[in-house]
Amino acid sequence: MNNSYEDVFTEAEQLLKNNQDHDAEEKYLLLHDKAHKELSPIASFRLGEIYNRKKLVKESSQFHTNAFLQDPLLANKLIPETHPMYHFNYLSFKEPEHKVTACPLCSLQGELHSCYNSLTNVDFVQGFNPVRIWMQCRSCNHIFAHNYPIKLNKILTNSSPELYFQKRVETLPIIGDIFSNIKRFSKGSKLLDIGTGAGEMAAVAKEFLYSITGVEIRPVYAKHVSDTLEIPIVKTDFMHYETNELYDVIILGDVIEHTPEPLKVLKKVRTLLKKDGILWISTPNFESGYTAIMKDKDAMWRVCEHVNYFSYTSLLKALEISGFVCMEYSASKRFYGSMELIVAKQ
Ligand SMILES: [Zn+2]
């Protein structure tokens, strides 16, 4: 009898490979209903993904959660042994979560948008629920996380994923072009790099003779970059950064999607900019050409740390509310599916 279940599973996997969701769904449902110890949890996970594609978000979330309840060690069936979360135990996840339904830009109630298992991404961080629900505000065309840990800052401060630590040296020439372009908009040399990360932006900014201050929430990264580049990096959440300085250029690279209160961050950035200063901002765009092609295969849907997913439209709205005007839009050459904007004070 076991053999026949395995045959059903093999057939379902083949159908899924051929993008025949409808036929695969029938077979996975059969396995799911039979409560097969080995195969039902993976069938539930697959159903979670299929129902997400069908835009049945509640059902998708139930299947994704069920998959873990059926097998708390499901990770070792989904991801390779080399993955840092291979031994993840769902029962270890006990963090209380915020359950957000109001758009962080306009406060209107959002609609369920999609549901993903973020554990399969290599950037998963312990403390996050691997089952992520995204909501969408139709008014702002903005996507935001429905669920994220209440102790978000504590989890970020105490974790230091290797992945973000790796310096992507191949991006340095691209960053060089970014600063050449920034120089066209602002000649000044005082620069604030918010969310310094592995320090690639700061390294090239130094090459361009900027006087740099960095702000970084993760102490391990802050120390490493400060030691390597010999520049001051303040170890704090940007919202707690205190200074009397004003800057010519502020870099907000791949940061705004990490904060539950993007408007507060943008408004604070504005207070730190000189009158003719400029803000360079980079963030994933869910309406990018890349995401349009990749659909649910785009890994950005599964980044647990991201609590906002902007479109060009929603980012413009956030900037407008915060007192900025967009000078230039470009598609990122550093990350597929990200956008980069140069903005000035209104
Ligand atoms: Zn909204």
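**Asparagine 181 and beyond**

Analyst: Asparagine 181 touches Glu328 and Ile342, leaving out residues up to four places away in sequence. Contact means heavy atoms within 4.5 Å. This is a predicted model, where local features need pLDDT of at least 70 and side-chain atom pairs count only at pLDDT 80 or more, while totals for chains, interfaces and linings use all residues. Residues are numbered from 1 along each chain as its sequence is written, and side-chain values use heavy atoms, with hydrogens and water left out.

User: Where is asparagine 181? And is asparagine 181 buried or exposed?
Analyst: Asparagine 181 sits in helix α8 (residues 172-185). Asparagine 181 counts as buried because its relative accessibility is 17%. Buried means under 20% relative accessible area, exposed over 50%, and partly exposed in between (1.4 Å probe, protein chains only).

User: How many helices and strands are there in the chain?
Analyst: The chain has 13 helices and 13 strands. Helices (H or I, at least four residues) and strands (E, at least two) are DSSP runs, numbered from the N terminus.

User: What radius of gyration does the chain have?
Analyst: The chain has 22 Å. That agrees with a compact globule, because 346 residues would give a radius of gyration near 20 Å. The radius is taken over C-alpha atoms, and the globule rule is 2.2 Å times the number of residues to the power 0.38. Along its principal axes, the C-alpha trace spans about 75 × 40 × 35 Å.

User: What share of the residues counts as buried?
Analyst: 54% of the 346 residues.

User: Next topic, the core. How many residues are in the largest nonpolar core?
Analyst: The largest nonpolar core has 33 residues. Among those with the most contacts inside it are Phe68, Phe88, Trp134 and Trp301. A nonpolar core is a set of buried Ala, Val, Leu, Ile, Met, Phe, Trp, Tyr and Cys residues joined through side-chain atoms within 4.5 Å. Elements that give two or more residues to this core include α4 (57-70), β2 (111-117) and α6 (152-158). Apart from this core lies another, of 32 residues, among them Val255, Val265, Leu319 and Met339.

User: Why do nonpolar side chains end up together?
Analyst: In soluble globular proteins, nonpolar side chains tend to be buried together.

User: Tell me about Phe88. Where is phenylalanine 88 found?
Analyst: Phenylalanine 88 is in the loop between α5 and β1 (97-99). With 3% relative accessibility, phenylalanine 88 counts as buried. Setting aside neighbours within four places in sequence, its contacts include Phe68, Leu119, Phe124 and Pro130.

User: And which residues does tryptophan 301 touch?
Analyst: Among them are His113, Trp134, Phe286 and Tyr309, not counting residues up to four places away in sequence.

User: Now serine 211. Which strand is serine 211 in?
Analyst: Serine 211 is in strand β7 (residues 211-216). Serine 211 has a relative accessible area of 42%, so it is partly exposed. Serine 211 touches Ser189, Lys190 and Leu191, leaving out residues up to four places away in sequence.

User: Last one, backbone angles. What is phi of leucine 209?
Analyst: Phi of leucine 209 is near 65°, a positive value in a residue other than glycine. Most residues other than glycine have a negative phi. Leucine 209 lies in the loop between α9 (200-207) and β7. At 71% relative accessibility, leucine 209 counts as exposed. Alanine 35 also has a positive phi, of about 50°, and is not a glycine. Alanine 35 lies in the loop between α2 (21-34) and α3 (39-53).
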